[in-house]
Amino acid sequence: VEFDPEVVYTYIRQSYPDLRKVINNLNLNTVNGKLLSPKESGADADYKFKILELLGQGDFEAVYELALKQVPAEEVESLYEYLWQNLKLLPACKDKSVYQKAVLVIADGLRAHAVTSYPHVTFQATCIRLLMAVS
């Protein structure tokens, strides 16, 4: 299988620590002996990448729609960890103080998530605060 190490790393970041999911995504996205990047494959699991991309663009409405339509309630918690692990991919988070504010926003959102009956609402509120922190 032909692959770019960065593409493999992208799949690992997307699904870690669930290595079975990593392997499954690699298998599903290999076509004709070539590993496709998540953007080329159009895989549903790509919502994590898309949410991060939309946050980087400041497009809250699209984040809201995507989270509501594609993210099962039981997977919302994993989005907080994914965002935390990948904050530095947001251009604004290259600045140390912005990055630190963003980490605090995610930590607050995760705490609120632990006691909510509506995980999507808590995640949306966190995204709003995160956009305010990185703008």
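Which residues does Leu-130 touch, not counting residues up to four places away in sequence? The list is Leu-55, Leu-83, Leu-87, Ala-102, Val-105 and Ile-106. Welcome to this structure, which is a predicted model.

**The nonpolar core**

- The largest nonpolar core holds 29 residues.
- Ile-51, Leu-55, Leu-83, Phe-123 and Leu-130 are the residues with the most contacts inside this core.
- At least two core residues come from each of these helices: α4 (47–57), α5 (60–70), α6 (76–86), α7 (96–113) and α8 (119–134).
- As a general background, nonpolar side chains tend to be buried together in soluble globular proteins.

**How α7 meets α8**

- A pair of packed helices is described by the angle between their axes and the distance between the axes.
- For α7 and α8, the angle is about 165° and the axes are 9 Å apart.
- That angle is why α7 counts as roughly antiparallel to α8, the cut-off being over 145 degrees.
- The crossing of α7 past α8 is right-handed.
- On the α7 side, the contact is made by Val-98, Lys-101, Ala-102, Val-105, Ile-106, Asp-108, Gly-109, Ala-112 and His-113.
- On the α8 side, Pro-119, Thr-122, Thr-126, Arg-129, Leu-130, Ala-133 and Val-134 take part.
- Sorted by class, this contact of α7 with α8 has nine nonpolar, four polar and three charged residues.

**How α1 meets α2**

- Helix α1 covers residues 5–15 and helix α2 covers residues 19–28.
- These two helices, α1 and α2, pack at an angle of about 140°, with their axes 9 Å apart.
- The pair α1 and α2 is therefore oblique.
- Here too the crossing is right-handed, with α1 passing α2.
- Tyr-11, Ile-12, Gln-14 and Ser-15 of α1 make the contact with Lys-21, Val-22, Asn-25 and Leu-26 of α2.
- By class, the contact of α1 with α2 has four nonpolar, three polar and one charged residues.

**Residues worth a visit**

- His-113 belongs to helix α7.
- With a relative accessible area of 12%, His-113 is buried, because the limit for that label is under 20%.
- Leaving aside neighbours within four places in sequence, His-113 is in contact with Val-76, Glu-77, Tyr-80, Pro-119 and Thr-122.
- Asn-32 sits in the loop between β1 (30–31) and β2 (34–35).
- The relative accessible area of Asn-32 is 81%, so Asn-32 is exposed.
- The phi of Asn-32 is near 50°, a positive value in a residue other than glycine.
- For context, most residues other than glycine have a negative phi.
- Val-31 lies in strand β1 and, at 41% relative accessibility, counts as partly exposed.
- Val-31 and Lys-94 are 63 residues apart along the chain, and their C-alpha atoms are separated by 35 Å.

Conventions: Residues numbered from 1 in each chain as written. Predicted model: local features only at pLDDT ≥ 70, side-chain atom pairs only at ≥ 80, totals over all residues. Heavy atoms only, no water. Core = buried A, V, L, I, M, F, W, Y, C linked by side-chain atoms within 4.5 Å. Buried < 20%, exposed > 50% of the residue type's maximum accessible area, 1.4 Å probe, protein only. Helix = DSSP H or I, 4+ residues; strand = E, 2+ residues; numbered from the N terminus. Contact = heavy atoms within 4.5 Å. Axes fitted to C-alpha atoms, helices over the stretch in contact; angles between N-to-C directions. Parallel < 35°, antiparallel > 145°, perpendicular 65-115°, else oblique. Left-handed = near helix turned anticlockwise from the far one by under 90°. Nonpolar A, V, L, I, M, F, W, Y, C, P; charged D, E, K, R; others polar.
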